[in-house]
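Subject: Handover of a structure

Dear colleague,

Please find below the sequence and the structure that I am passing on to you. My notes on what was found follow directly after.

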Amino acid sequence: MNRFSKDMYTVDEQLVVSGRSYLGTMAQVLSTIVVVTSITPKFIFGLAPLLFFYVHQQNFFTMTYRELKRLDSVTRSPIYALLSETLDGVLTIRAFGAEENLNKRMINMVNVQQTAYRLTFAAQCWLSVRLEFCGTMIVFVACFVSIMQHGTRGGDELFAGLAGLSISFALSITQSLNWTVRMASDLEANMVAVERIQQYSQIPSEAPRLTETDESLPSNWPVEGRIEFINSKLRYRPGLPLVLKGLNISIPAQAKVGVVGRTGAGKSTLMVALLRLVELDSGSIKIDGVDIRSVGLKTLRSKIAVIPQDPVLFSGSVRTNLDPFDEFDDDRLFEVLQHVGLYSSMVKNYSSNSLSSHYSGASSNLGGRTQPIKSLSETVTEGGTNFSVGQRQLMVIARAMLTGAQVVIMDEATASVDGETDARIQRVFREEFKNATCITVAHRLNTIMDSDLVLVMDDGRAAEFDTPSSLLSREGGLFKALVDASEEEG
Ligand SMILES: Nc1ncnc2c1ncn2[C@@H]1O[C@H](COP(=O)(O)OP(=O)(O)OP(=O)(O)O)[C@@H](O)[C@H]1O
């Protein structure tokens, strides 16, 4: 079996193939020994030291070969990674004239990998020499005992035929021995895959997607959107320090809350906790009085709309991105696009000189792309790269509007969005979700100055939580200090 065809098998097929070949060749070797020994019983005395030598060499080889194979795999992976990264970023590489640099990196990696591969090849040659020796010795012993036995039988013609059979069997043993060792080491190498599967199967899985509580919840839960964090503590992994260190806040229904705080204070972790991407260490979070821990993940996550810091679009069309489950008709999709300012009803009639009056200009100054969306079948490339970051956020807002969620979380984009676009996104967000409870993780203070409430996070706790005006009047307060500092910078 050549290397290329072997790579085309899946892991379980490889295991079956090498396992079956291993057992097959073992049976062949054993049957050869049985045939030769039954014709010339003294053969067994010569075989014993050879078997000892063979097992010793096989163990030595398997141990070394396994490590060399590992080296080969470890040095091979970065080549594949660099290759796919290069293909992804070929435009940037060409634009910056970095071909030479990448070429050198690739050649260096291939050199290192080939060194490891050469060693595996050298190990196979080493083994072949020993196995050939072993096989030749077996043939020699078979011949030797046949001649001896023939002499003692005084020229028995029937025995001459049997001796020929015994020697021809012994001749095939070299190949079988070679194959047995190869298959044994292949089987062992492939067992690494089983080890990995076992590790994966032991990874703790997420909480159930649906629970009994879901059935008792009204279909329009949460009707109000009241959110309570009760002494909520969260750590990302066991052994890591707490990120939320006992958060106690109560967000009234339909409130617009701006969350601020220094970097690393735990602002984005609020979203992680609400969506149960990471479970709370202790404490609880309630939405409309229902502990979210008792709600199934599917139900919970379908009720909370998220507009992440780096909005992601999938390759497909505008339609598949807005409505992946094909639940809404075109008019509804056009409506939400128009609301966020990405589409004008005038464009629908292919007269692109005017945009919706209320959001005029919303689609015209959003970064690279200046054209509003003309059709729902318009292509969206992988990651939405043919849309500017601002437009991607507006698309995600449109998607969130379709869900009709009563709780909306927005992690403000920090990069690539200018202040004006940011303000526009905020305005669309506030107007479109005026009946929902909105939590905005803000990186620019001016975007949350007109919020109902401001939460100042500090070291995983709610340091301040009040209306912007009362926080601003609090001398020595954190929010006031942040505003003063940003005014000085501005
Ligand atoms: N996936 C993760 N695994 C482990 N620790 C994490 C993870 N994500 C965040 N953290 C840690 O949690 C803390 C709070 O992170 P978080 O992203 O909530 O801060 P933030 O206030 O939103 O910061 P920023 O304003 O920079 O976005 C940080 O110390 C961070 O190192």
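Strand 3 (residues 256-261) runs parallel to strand 11, and five bridges join the two. Within this pairing, Val260 has Val456 of strand 11 as its bridge partner. Please keep in mind throughout that the model is predicted.

Both strands belong to an open sheet of six strands with mixed pairing, in the order 6-9-10-3-11-12. Strand 6 (304-307) and strand 12 are at the edges; each has a single partner strand, so one side of each has no neighbour in the sheet. From one strand to the next, the twist averages 20 degrees.

Helix 9 touches strand 3, strand 6, strand 9 (407-411), strand 10 (437-441) and strand 11, and its direction makes about 145 degrees with that of strand 9. Helix 14 (residues 389-403) touches strand 6 and strand 9, and its direction makes about 175 degrees with that of strand 6.

The loop between strand 11 (453-458) and strand 12 (461-466) holds Asp459. Although Asp459 is not a glycine, it has a positive phi of about 50 degrees. Asp459 counts as partly exposed because it has 14 C-beta neighbours inside 10 Å, a number between the limits of 12 or fewer for exposed and 20 or more for buried.

There is also an open sheet of four strands, with antiparallel pairing and the order 2-1-4-5. Its edges are strand 2 (244-251) and strand 5 (290-291), each with a single partner strand, so one side of each is left without a neighbour in the sheet. Strand 1 (residues 227-234) pairs with strand 2 in the antiparallel sense over six bridges. One of the residues involved is Ile227, whose bridge partner in strand 2 is Ile251. Helix 9 packs on this sheet too, where it touches strand 1, strand 2 and strand 4 (282-287); its direction makes about 105 degrees with that of strand 1.

Which helix gives the most to the shell around the ligand? It is helix 9 (residues 267-274), with three residues. The residues around the ligand are Tyr236, Leu240, Val243, Gly261, Thr263, Gly264, Ala265, Gly266, Lys267, Ser268 and Thr269. By type, the shell consists of four nonpolar residues, six polar residues and one charged residue.

Asp288 lies in the loop between strand 4 and strand 5. Like Asp459, Asp288 has a positive phi of about 50 degrees without being a glycine. Asp288 is partly exposed, because 19 other C-beta atoms lie within 10 Å, whereas a buried residue needs 20 or more.

Val290 is located in strand 5. With 17 other C-beta atoms within 10 Å, Val290 is partly exposed. Leaving aside residues up to four places away in sequence, Val290 touches Leu217, Trp221 and Val295. Val290 and Arg226 are 64 residues apart in sequence, yet their C-alpha atoms are 9.8 Å apart in space.

Pro222 sits in the loop between helix 8 (212-216) and strand 1.

I turn next to the database record. In an unreviewed entry, UniProt lists residues 29-55, 127-147 and 159-181 under "transmembrane region". In the model, residues 29-55 are 89% helix and 0% strand, and the end C-alpha atoms of this span lie 14 Å apart. Residues 159-181 are 96% helix and 0% strand, with end C-alpha atoms 33 Å apart.

Finally, here are the totals for the protein chain. The chain contains 17 helices and 12 strands. Of its 490 residues, 30% are buried. Among contacts between residues at least 6 apart in sequence, 75% join residues at least 24 apart.

With kind regards

Conventions: Residues numbered from 1 in each chain as written. Predicted model: local features only at pLDDT ≥ 70, side-chain atom pairs only at ≥ 80, totals over all residues. Near = placed C-beta within 6 Å. Nonpolar A, V, L, I, M, F, W, Y, C, P; charged D, E, K, R; others polar. Pairing = 2+ DSSP bridges. Contact = placed C-beta atoms within 7 Å. Axes fitted to C-alpha atoms, helices over the stretch in contact; angles between N-to-C directions. UniProt positions renumbered as here; feature names shortened; annotations may be inferred.
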